[in-house]
Amino acid sequence: MALEAAELVAGLRATFGSGKTKSYEWRVSQLKAIVKLADERQKDIIGALRSDLNKPEFESYAHEISGVKKSCNLALKELHWWMTPEKAKTSSTTFPSSAEIVSEPLGVILVISTWNYPFLLSLDPVVGAISAGNTVVLKPSEIAPATSSLLSELLGEYMDSSAVKVVEGAVPETTALLEQKWDKILYTGSCEVGRIILAAAAKHLTPVILELGGKCPVVVDTNVNLEVAARRIIAGKWSSNNGQTCVAPDYVITTKAFAPKLVDALTSELEKFYGKEPLKSQDLSRIVNSSHFNRLTKLMDDEKVSGKIVHGGQCDKTNLRIAPTILLDVPEDSLIMNEEIFGPLLPIITVNKIEDSINVINAREKPLAAYLFTNDKKLKEEFIGSISAGGLCINDTTLHLAESSLPFGGVGESGMGSYHGKFSFDAFSHKKAVLRRSFAGDISARYPPYTTRKLQL
Ligand code: NAD
C-alpha cells in the first residue's frame, strides 16, 4: 500500500514538474470539467447521497451540488485576476526598484474528506487546489461509500487523470498516504484524527489546513422575532442533514424565563416542517450509521438528562432515524454537553441574564461557529468582540458559509487555516516575494569597508 502511495505521488510530482497544471487554460479546463460532471451526473450524485444519508434531494442540490458549482463558477470568473501578480510598494531602501507578489502553486496536494457533505467537502477543496495550479489526491470518506465510489468514477471520467486522483479507503489507505511527502494537506473531520494528520505532516514539514468541529452555541435573547429565530435555528440544525453538520447549532443558551417560549416556537415550527410523525418525513436525513445512532441514543439515555426531553425523542433503530429532539435545562456535566452532538438533539441551557451566555461560551473550547439572535446593538458588539470562533452569524445560523467573500475555517480546537472563494486559491498558493532592480542607483554605503561615517548614514 505504501509503495502504491509512493508511486502515485511520484506520478503527480512528474505531472506537476511538466508545468502543465500551471497554465490558465489547464485550470479552466478542469474547473469546467467539475461543472460538467455536476450537471451531467446530478441524478447519480443525488442517488449516492440518498444511499449514504437518505439526504433529501433539495438539500443534496442546494447544499452540495450547487455549492460546488458556485465555487467553480466564481473561480472561472475571477481566476485571471487571482493569477495576476500583485504589485507591492517599495521604499527608499531598495530605490530604484519595483516589487510584486506572485502566487505560485505548491505542487501535490492531499485532500482528506469526511462523510456528512461528502460531495461538497470533497470537491470544494479540490476546486481550490486546481484553481491554484496544483495536482491533487482526494481521499473521500469510507463512511459515505456510495458517494466515495461515485467520486472515484466521476473524477476518473471527467478530469485529467495525470493530475487528479481519487484514493478510496479507510485508516490503512489514509495512513499510507500520510507517510508520503505532500506540499499541503487539507483535512476535514474530527479533532482526534486532526492530531494524527498534524503529526504525520510535521515529519515532512508539510503545511496543513484542519477543518474540524466543536460545539457551536446559539444565544437567543428575549427581544427577538421568535418565529423567524425558531425557523432559522431549525434550518441550521435539522434542515441541514438532521444536525450532522459541523456548523449546526449544537446547544442553545437563553434566559430561564424565556426558555419555555423558545421551546414552544421551535416545537410549533418543527411540526409545520416535518409533521407530527417526523420519523416518516422524507425531508430529514437519517443518521449515517449504527455506531453514530448508538452514540446519539446514549446521549439521550444519560441519567443526568432523564426527564429533560421536551420535544421529540423518537428513534427508529432499523432505519437509523432519530426525530428532532429538544432537551431543556440540561446540566453542564451531562454527556450531551461534553461532546460535539453531530445529530438531531438540541439541548437548551439557561442563564439568569443573557449577557452571562458569553462567559458560558468562553469557558469552553473555541467553536467553529457561534450564533446570536438579538435586537440589542450593545449585545451584538459585545458578542462579536468577545467570542472567539471560526465564524459568527448574527440573527441567523450557518449562512455565513454561503458568502464566498468570507473565509471558512476554525480556530483553536475547531481547526486551523481557511478556504472558500479567493481564500481557497490563496490556501493552495505560495505567495512569492519578487523584487526587481536595475543596475542603476548602486550606493557604496552598503558595502565594506564599514567606516564610522557609513555607520552614521
Ligand atoms: P474522521 O476524522 O473520523 O474522518 C475523516 C477522515 O479521516 C476520513 O476520510 C477517514 O477515512 C480519515 N480517518 C479516520 N481515522 C483516521 C486515522 N486514524 N488515520 C488517518 N485517517 C483517518 O471524522 P468524521 O467522523 O468523518 O467527521 C466528523 C467530524 O468532522 C465532526 O467533528 C465535524 O464537526 C467535523 N467536520 C468539520 C467540517 C469543517 O468543514 N470544519 C465539516 C464536516 C465535518
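The model is predicted: local features need pLDDT of at least 70, side-chain atom pairs count only at pLDDT 80 or more, and totals for chains, interfaces and linings use all residues. Numbering starts from 1 along each chain as its sequence is written.

The protein chain holds 15 helices and 18 strands. Helices (H or I, at least four residues) and strands (E, at least two) are DSSP runs, numbered from the N terminus. The C-alpha trace spans about 85 × 55 × 40 Å along its principal axes. Of the 457 residues, 46% count as buried. A residue is buried if 20 or more other C-beta atoms lie within 10 Å of its own, exposed if 12 or fewer, and partly exposed in between; C-beta atoms are placed from the backbone. Among contacts with a separation of 6 or more, 69% join residues 24 or more positions apart. Two residues are in contact if their C-beta atoms, placed from the backbone, lie within 7 Å.

Strand S6 covers residues 184–188. Because 5 of its 5 residues are buried, S6 is largely enclosed by the rest of the structure. Lys184, Leu186 and Thr188 are buried on one side, Ile185 and Tyr187 on the other. Strand S3 (residues 108–112) runs parallel to S6, joined by 4 bridges. In this pairing, isoleucine 109 stands opposite lysine 184. Strand S7 (residues 208–211) also runs parallel to S6, again with 4 bridges. Here leucine 210 is the bridge partner of tyrosine 187. Strands pair if DSSP finds at least two bridges between them. S6, H8 and S7 form a right-handed β-α-β unit. Right-handed means that, with the strands pointing away from the viewer, the path from the first strand over the helix to the second runs clockwise.

The shell around the ligand has 28 residues, of which Gly189, Val193, Glu211, Gly213 and Cys246 come nearest. A residue counts as near if its C-beta atom, placed from the backbone, lies within 6 Å of the molecule. Helices H7 (171–178) and H8 (191–203) each supply at least two shell residues. H7 gives the most, with 3. By class, the shell has 12 nonpolar, 12 polar and 4 charged residues. Ala, Val, Leu, Ile, Met, Phe, Trp, Tyr, Cys and Pro count as nonpolar, Asp, Glu, Lys and Arg as charged, and the others, Gly among them, as polar.
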